[in-house]
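Student: I want to learn how to read salt bridges in a model. Can you take me through a case?

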Amino acid sequence: MYSRSHIDADDGMQIPVMTFGPISIHPDFKRKGFGKILLDCSMEKARKLGGKCLLICGNIDFYGKSGFAPAAEFGIRYADDPESSAPYFLCKELEQGFLNGISGSYKDPEGYFAAQKNPDAFEEYEKQFPQKEKLRLPGQIF
C-alpha cells in the first residue's frame, strides 16, 4: 500500500513524497526474487501515479537492491529519531535529482497511528480477524 506524505523542508516548504509497506512474501517463496519483483513493479506504479520520491523504514540489505539508500544521504531526517542518522530510514528518488537542494524532516502519515489514536475502536476492529501470534523475525527493525 502506498500513501502520500511530505517532507517538512528546512525552508518551510512541504515537499510531496510517498511511503509504503509492508511488502510480504509467503515463507515458501522467500529468497527466490519475488520480493524484489514485487517491490520494483510497485515502485513503477507509484512513479506512474506521480510519485517522485519514496521514504520508508526498512532493511537496507533488501531495499538497497532496488536502489534505496539511507535518507540522511539526501539530507532528510526521520522525525521520530532526529538525533540519529537512522540507517533504517531509507529513500529512493523515482525522479532523479528530485531532492537536490532539499533538506528537512519526514514524519509518518497520521493514518499510521490509528491504533494509538483510538485504541478501543482498533481493538474492536481487530476482533474481526483470527488470533495472531506475534513473531520476531530476522530483518525486523523493531
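**Reading the salt bridges**

Tutor: Start with Arg47, which counts as partly exposed at 38% relative accessibility. Buried means under 20% relative accessible area, exposed over 50%, and partly exposed in between (1.4 Å probe, protein chains only). This is a predicted model: local features need pLDDT of at least 70, side-chain atom pairs count only at pLDDT 80 or more, and totals for chains, interfaces and linings use all residues. Residues are numbered from 1 along each chain as its sequence is written, and side-chain values use heavy atoms, with hydrogens and water left out.

Student: Which residue forms a salt bridge with Arg47?

Tutor: Side chains of opposite charge can pair when their charged atoms come close. A salt bridge is a side-chain nitrogen of Lys or Arg within 4 Å of a carboxyl oxygen of Asp or Glu. Here the partner is Glu44, with the closest N and O atoms 2.4 Å apart. Glu44 is partly exposed at 31%.

Student: Where do Glu44 and Arg47 lie?

Tutor: Both sit in helix H1 (residues 34–48), three residues apart, so about one helical turn separates them. Helices (H or I, at least four residues) and strands (E, at least two) are DSSP runs, numbered from the N terminus.

Student: How many salt bridges does the structure hold?

Tutor: Seven. One of them joins Arg77 and Asp10, with the closest N and O atoms 2.8 Å apart. That pair links distant parts of the chain, 67 residues apart: Arg77 is in strand E5 (residues 76–78), Asp10 in the loop between strands E1 (2–9) and E2 (14–20).

Student: Are Arg77 and Asp10 buried or partly exposed?

Tutor: Arg77 is partly exposed at 32%. Asp10 is partly exposed at 47%.
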